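Visitor: I want to learn how to read an assembly like this one. Please take me through it, feature by feature.

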There are 6 protein chains.
Amino acid sequence: MKQIITFGEVLMRLSPEGNKKFMQANLLEFYFGGTEINVGISIANFGEKVKHISCVSNDFVGDTAISYIQKFGVSTSAIVRSDRPLGVYFLEVGAVMRPSSISYNRAHSSFADIRPEMVDWETILRKAKWIHWTGITPALGKGGYDTLKAGLLLAKEKGIQVSTDPTYRKGLWKYGENAKDVLTDLISLSTIFIGGVNEINEVLGTNYSYSNDDFIEASKQLMKRFPNIEKVFDKIRTSINASWHKIRARMWNGKEFRETTDFDITHIIDRIGTGDAFAAGLIYGLQSFDDCKAMEFASAACALKHTYEGDVNYATVDEVMAILNGDVSGRVNR
Amino acid sequence: MKQIITFGEVLMRLSPEGNKKFMQANLLEFYFGGTEINVGISIANFGEKVKHISCVSNDFVGDTAISYIQKFGVSTSAIVRSDRPLGVYFLEVGAVMRPSSISYNRAHSSFADIRPEMVDWETILRKAKWIHWTGITPALGKGGYDTLKAGLLLAKEKGIQVSTDPTYRKGLWKYGENAKDVLTDLISLSTIFIGGVNEINEVLGTNYSYSNDDFIEASKQLMKRFPNIEKVFDKIRTSINASWHKIRARMWNGKEFRETTDFDITHIIDRIGTGDAFAAGLIYGLQSFDDCKAMEFASAACALKHTYEGDVNYATVDEVMAILNGDVSGRVNR
Amino acid sequence: MKQIITFGEVLMRLSPEGNKKFMQANLLEFYFGGTEINVGISIANFGEKVKHISCVSNDFVGDTAISYIQKFGVSTSAIVRSDRPLGVYFLEVGAVMRPSSISYNRAHSSFADIRPEMVDWETILRKAKWIHWTGITPALGKGGYDTLKAGLLLAKEKGIQVSTDPTYRKGLWKYGENAKDVLTDLISLSTIFIGGVNEINEVLGTNYSYSNDDFIEASKQLMKRFPNIEKVFDKIRTSINASWHKIRARMWNGKEFRETTDFDITHIIDRIGTGDAFAAGLIYGLQSFDDCKAMEFASAACALKHTYEGDVNYATVDEVMAILNGDVSGRVNR
Amino acid sequence: MKQIITFGEVLMRLSPEGNKKFMQANLLEFYFGGTEINVGISIANFGEKVKHISCVSNDFVGDTAISYIQKFGVSTSAIVRSDRPLGVYFLEVGAVMRPSSISYNRAHSSFADIRPEMVDWETILRKAKWIHWTGITPALGKGGYDTLKAGLLLAKEKGIQVSTDPTYRKGLWKYGENAKDVLTDLISLSTIFIGGVNEINEVLGTNYSYSNDDFIEASKQLMKRFPNIEKVFDKIRTSINASWHKIRARMWNGKEFRETTDFDITHIIDRIGTGDAFAAGLIYGLQSFDDCKAMEFASAACALKHTYEGDVNYATVDEVMAILNGDVSGRVNR
Amino acid sequence: MKQIITFGEVLMRLSPEGNKKFMQANLLEFYFGGTEINVGISIANFGEKVKHISCVSNDFVGDTAISYIQKFGVSTSAIVRSDRPLGVYFLEVGAVMRPSSISYNRAHSSFADIRPEMVDWETILRKAKWIHWTGITPALGKGGYDTLKAGLLLAKEKGIQVSTDPTYRKGLWKYGENAKDVLTDLISLSTIFIGGVNEINEVLGTNYSYSNDDFIEASKQLMKRFPNIEKVFDKIRTSINASWHKIRARMWNGKEFRETTDFDITHIIDRIGTGDAFAAGLIYGLQSFDDCKAMEFASAACALKHTYEGDVNYATVDEVMAILNGDVSGRVNR
Amino acid sequence: MKQIITFGEVLMRLSPEGNKKFMQANLLEFYFGGTEINVGISIANFGEKVKHISCVSNDFVGDTAISYIQKFGVSTSAIVRSDRPLGVYFLEVGAVMRPSSISYNRAHSSFADIRPEMVDWETILRKAKWIHWTGITPALGKGGYDTLKAGLLLAKEKGIQVSTDPTYRKGLWKYGENAKDVLTDLISLSTIFIGGVNEINEVLGTNYSYSNDDFIEASKQLMKRFPNIEKVFDKIRTSINASWHKIRARMWNGKEFRETTDFDITHIIDRIGTGDAFAAGLIYGLQSFDDCKAMEFASAACALKHTYEGDVNYATVDEVMAILNGDVSGRVNR
């Protein structure tokens, strides 16, 4: 079986239990996450072979991160080490009208130390069928950008699928490069676009609204600008409050527009990583189903992820299919 | 005060805290439960004298199970010991559209070691006024079936009330006996039937629907086939998802049909043992109230159980009555 | 910056984690609280200078209480010590239709030992701009009543604002004084009345209903009887069940009646101290905004408090303002 | 089987986990204990039938205390309830040279509410063979003293064995009675004295040293003053520090002096209740063995108790006998 | 790098935190272990490639076991699944003179379901350089015995090293085969004997004492009977009590006798799996050092294992070497 | 009362509970520490007024750090904020022969952002009587060095006592300055030297041994080189292993040499911060006692600190004096 490649920072997530604030706690739960490894682990849980590429700290924290990834059967053999510390993020989980808060400690992390010569793309891509990247990686520093670009260029050459979730976060992008230029550069090497009107507006400098019509038009413009992009998938979240969301999806694949109905997530357990579960669902789905069913699979996977603590989507294909087939009753499996 | 007798397996329940999966945990909460002991403990919490009969392991796990039961004032003096291990079940608690999952380790447990000669029914029933059994016990093995039948025969002779919750679970029943035959045999020794159209269809081989009309007709046919059955009580659960249910009940007592309105359980804490709380509520209620109020008491007890972690219904009679009388506001008691 | 003074008992709160009952637990979470210190800490979290006056036990429990208050930057320099134990309350947190239960151990606590000569009001009020009291303090004993009265008399002399939340709890008031007389005495020294029709009826011996018309009329009568009272603020809670409330507020300031819309608190984390958050919001708001916006600030603060575990409202002014400005989506702050 | 009766206050013990101080914790472990119930539970764990007499709070804390005692099979049918709160003690566990600290909240507890008319000694002692009391009970208040004395007088009349651990704690004894007079009164109704030179000096007003010679002489004087006393047992603790003790015992039974060798307790888990384990060991041992072996059994029980968290000695007779027979290697039992 | 193969049952270990008894707990820590997988994981932590062969349950418990093993980089690709439950063991950890207690639930576990046809020895041993087995496996049932024997026969054919820790546990061996016969059969296929006088006496039917002279003589007799055995390694444990041990080792390699000095383990954290750490140390050491240094490495590894909670030895080669080189001061590594 | 000033980085400490490794944990305990704030808090616990100067992150982690310091009554009014993250250190606590391991994430922390203009030394030192610094601060970066030097120059001018613990850690000092030069610069502004032969050798470039004679000679040379240094205090740790240390101290005050006997710390709870407790003990002691008693007080404080979890020494003056006066029995305080 050929591998799916994910590339990006592995972060340690630290948060008090439940909805406690740091000031109330003296214990923190920890997980490892990061948008690309979240995607990788979710795909591995769907039964695919996955290899993650990153640079982690050369200490017991980095050892633990690697061990955490291995637990899910994701290959860590291409992860390199640095003397810098692993990136950390602190999370206070909100509830009802109280938002969650995140504070990052990643500016000088081990991942920012990565350099193209550390990653043997030739060997890695020889056994690969898909590579996934997000807009976080090139935002973190030149090393990540250069390393990623080297991989995408080779992937293009080899005809490997490239999906991107070009999430744009203004708070990052501090190392000198211009976000729009860099994203343009990398999107032009990609084939599947996982993002919505916001991301398209950012890259094209347009001003489309959230309406379906505008989404279709925006997607068309995107594909005109980037003819390599074959399909656009968008996940729509309606937040009643921090504890109760609705999720649906829509797509434009160059030929037809489709959208799903809402999943009603009345009691959210953890919303971190739900976008990553959507991306993972698409990557799995597009290899197994037609575009529309892939989108439905992805949105069901995204909905299910809200029920797991931590960044990881533990759902298996069977579990997603059950939801997709309409069983949301949550009846006990004995 | 005469005793109420419950008879059945005591299981150790092991589950990660909150909604964690086993793969996320390194700690498991444990409780002891099992459908019949759950009924017994709930009735004891209503102030009745209860004796539970079982066979538990002859090690510190069995000691702990006995200690757990004693905590609620349920008599353990008729519990016997075996060198086999106590049955265990593992539980992952779902949320929203994610179902809970249960995995059992009970096939060769201490309870499967029980034999009729280990239980002195004559002495036990001398001080008893009621005996309750469920379809789980005869499904687990010949020893449990034979031991139970010996008790029911003597109970019939002494005119003791016999209630049954004949839950049919296809996954069990592996020791050679036929479920329908065995259940028919035991139901013919019982007086109160706690179950619905599903269970009746199973036993009679009929095909009634969930409608009230079919429920009444099914109950009539059941009573025709088993003239000893005096009353039929059915609990109806509407699952919006794993975190939000509605509960109501209906009955046919040979003379009249009655049903309750729904309890809206918007934030479920633990749904295991809620059917047992219904049975316990009925057993208590039928001794204290008319049939209709007994049913209302049982459904209020069942609704309240959804708010307690673990298998046990901690509600007292006063607490159930408050709900029954319409106070569902949950205002603080100071 | 002049200080806001709060005066009252500091209690240790002990409760099992989550919704567990004491019988299920072997660990208890503890916090320190009490209606007046809750108000004080919340105001300190809004950035004001606050001094709390109390009498706590002269042991490591009292040390811990003082340390807990210092954590929030509230001055503890006027807290005195007694050889009696700190008051304690035990809490079982309910869910859905199950009410929370509280059991107090405060009848002979260190606070009941307070005497007027222990508090140097002259020095304390020299740097004060506001003093807040509640009906709990004079209910607990003569020492608290006398000490409070001494402070209020001096506050009146100095023209310091005096707010009161005259909560009437029948279960207290065991030391011989009559609640109505004592409250009348103290309300006549106060300027801001935080309470509703219930409290007015209790003090005036009237029988007004909950309607807005009656609230206005009751407030007018209150101001007629106590011309020192300038404004009346009332918080209205609608309990769907123990896990789901709606909160709104209304006011009569002698000139106009205003009311807010409801905040929908669909997943309550902890409702203890939400009334105190309302009072704190008002005390902060009345110094910063007009009466109507102060009321809106207070009700947003009250709503937010339902999302924090423990008695304390951790919300900052910015966080309350965000809610007040309509952002209840709980979107993650990165 | 006749019962052994213990009589005394049931306290809730609250302490941070491990060696944490209150200032470091936000969770407290809780147990129920008290010197006499500790003795009772330990004897029940040796297989005897035990009934404990006390007065506990009429709330969920009192319910939990009763449930805790039932867990060990100790009868709670003679425990009465009061509207006052259950006594509480707070414990910080020391280590090495840091002493443990205890702070009590028991002065106005439910137990101080007990009155002779609440205890039906006639019925209770009809099925009793032994009654045990300690010096804590009469120190707590007149109600406990009077109730105890009524029981001891009837026990003497019925020829029931009466053991006493007359622990003298200066900090108690605040209700007006003189410790020496009261203890003299009650010791004159007892037959087994569990205490050493300190306690004898306190009661007789003498000044004996810790030497074996003085212990023998003191015991002789005690028996001369109280001819009803048949035997004196003394436990000697050598504290290297808070984490490492040595334990041995000595006795004078009117005929011979005997002493044991030291048990070396190199890693103490919990030293609360170890004196109670000694008393329980004696009460069991004196019914099963000769005086010397009873003393050895008691000191082995006392040593073992240092290895259990909480007040309770979980050791069974077999486990104590193994230690007594010299196996202190702690090899794993499979 | 060629692989080291371990073969045996994977058990779930469940124990209360610290030194609590089951009766005191409501939480259990869980780990996965079993003598052979413990050896495998420890060797993987030394940097070798390891593959473990077993049969685990086909449920989320089995999934978690596999995930746990993958965490350490041990290959799980040859682990098969069964519908039977995973074996479980319950552990109460003793202290000082209190022994730990273990209770097993493994008689009908998934591992007992293994059959020779489930294991593709040919493929597995093609990449293997060493195989390790213990006396537990053939004691559990015919399936394990047959499967193991098939592997050892092939290993012999291929000239692969075979080490054995022939631990004899009387409590097992219930399926009809005779322990001595079976062990004789399997030892005759092995090359390295990790065991002492006890095990030799068991297999040869001799009666040697623990003296060094007898150990040498016993080893010679063993090698005479089993000429395939090249070396005998024996670990000697001196138990001061359950919290304090001393460890040393001795060997006879057919040519010379050597022994180490004692490691003084003054504060044991967890002694389960320390024998497995010794075996793992030997397997690693014999490939890297001479026999004597291998023995020293193994005894240092064994000593270090006493400082890790759970069954697993986390020590790396560098960490063992530091101890081996005499640094037992435990100075902080920064 | 004049204040004692401490200046240095505040770090978040994260470690698994007990002796777990990161790979075994999913929860981390957190504390705030750092050598200088540890000294400050310990002195505050002795009853002195203390102000700590630092630069912490401008997020909820920084808020929590400030709140943590306020808990102990240490003034935080001179702590400034930076957009960089707070420094973090990860700790795995060893046992017996297993060393603890620490990994730092502080190279680009908020403290490294401090600049002289952020600290108003003039105002701060107006109310100060003592300032304490350590060799960690100037090692972390130029900003800390410059800011510290500005303070020490002013302190010298004002005749304020300056104590230093010039701990030299080779792993730090990466920003370009030479350790020896910088330390020389700062020591020449200090009056009390808390360090031993190692530190003197580092600063003087000498090579003295640990003998008392060499210590005296080294101290003399130090004072010759730095005539401002009045006294030298040295703490000597003997590590039996990671769980068992012995502590003593020695001094040369220009006139006499004195040394204490060993404290035997048989069961270490936490050794982090014990050197800081020694420094705090000296700073308190030198203001209250003669030099020799100050040294004894400091070594008793240091010994006691080994019994508290976390970085903080919770000991009060009374508690240290009890140890100093020879009571190391750890008898329970009731």
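This is a predicted model: local features need pLDDT of at least 70, side-chain atom pairs count only at pLDDT 80 or more; totals for chains, interfaces and linings use all residues.

Visitor: How is chain C related to chain A?

Guide: A turn of 120° and a shift of 0.0 Å along the axis put chain C on chain A, with an RMSD of 0.0 Å. The two copies are therefore related as by a three-fold rotation axis. C:His267 has the C-alpha of chain C nearest the axis, 4.7 Å from it.

Visitor: Which surfaces do the copies C and A use, and how many residues make the contact?

Guide: Two residues are in contact if their C-beta atoms, placed from the backbone, lie within 7 Å. Chains C and A use different surfaces: 5% of the contact residues of chain C recur in chain A. Chain C gives 20 residues and chain A gives 21 residues.

Visitor: What classes of residue are on the chain C side?

Guide: Classes first: Ala, Val, Leu, Ile, Met, Phe, Trp, Tyr, Cys and Pro count as nonpolar, Asp, Glu, Lys and Arg as charged, and the others, Gly among them, as polar. The side of chain C that touches chain A has nine nonpolar, eight polar and three charged residues.

Visitor: What about the contact between F and E?

Guide: It takes 21 residues from chain F and 20 residues from chain E. On the chain F side, β8 (101-105) and β12 (231-241) each supply at least two residues. Helices (H or I, at least four residues) and strands (E, at least two) are DSSP runs, numbered from the N terminus. By class, that side of chain F has eight nonpolar, ten polar and three charged residues.

Visitor: In what order do the strands of chains A and F form an open sheet?

Guide: Strands of a sheet pair through backbone hydrogen bonds, either parallel or antiparallel. Two strands pair if DSSP finds at least two bridges between them. The eight-strand order is β8(A)-β7(A)-β2(A)-β3(A)-β3(F)-β2(F)-β7(F)-β8(F), with mixed pairing. The twist averages 30° from one strand to the next.

Visitor: How many bridges link β7 and β8 of chain A?

Guide: Five bridges, in the antiparallel sense, with β7(A) spanning residues 88-92. A:Glu92 has A:Ser101 as its bridge partner in β8(A).

Visitor: Which helix of chain F lies across strands of both chains?

Guide: Axes are lines fitted to C-alpha atoms, for helices over the stretch in contact, and angles run from 0 to 180 degrees between N-to-C directions. Helix α2 (residues 60-70) of chain F lies across β7 and β8 of chain A together with β2 (11-15) and β3 (27-33) of chain F. This helix runs at about 90° to β8(A).

Visitor: What sheet do chains B and E form?

Guide: An open sheet of eight strands, β8(B)-β7(B)-β2(B)-β3(B)-β3(E)-β2(E)-β7(E)-β8(E), with mixed pairing. β8 (101-105) of chain B and β8 (101-105) of chain E each have a single partner strand, so one side of each is left without a neighbour in the sheet. In chain E, β7 (residues 88-92) and β8(E) run antiparallel, joined by five bridges. There, E:Tyr89 has E:Tyr104 as its bridge partner in β8(E).

Visitor: At what angle do α10 and α11 of chain D pack?

Guide: Angles under 35 degrees count as roughly parallel, over 145 as roughly antiparallel, 65 to 115 as roughly perpendicular and the rest as oblique. Helix α10 (residues 291-305) and helix α11 (residues 317-324) of chain D pack at about 105°, with axes 9 Å apart. That makes α10(D) roughly perpendicular to α11(D). Among the residues that meet are D:Phe297 and D:Leu304 in α10(D), and D:Val320 and D:Ile323 in α11(D). This contact has eight nonpolar, no polar and two charged residues.

Notes:
Residues are numbered from 1 along each chain as its sequence is written. Chains are lettered from A and ligands numbered from 1 in the order in which they are written. Copies are superposed by least squares on the C-alpha atoms of residues with pLDDT of at least 70 in both.
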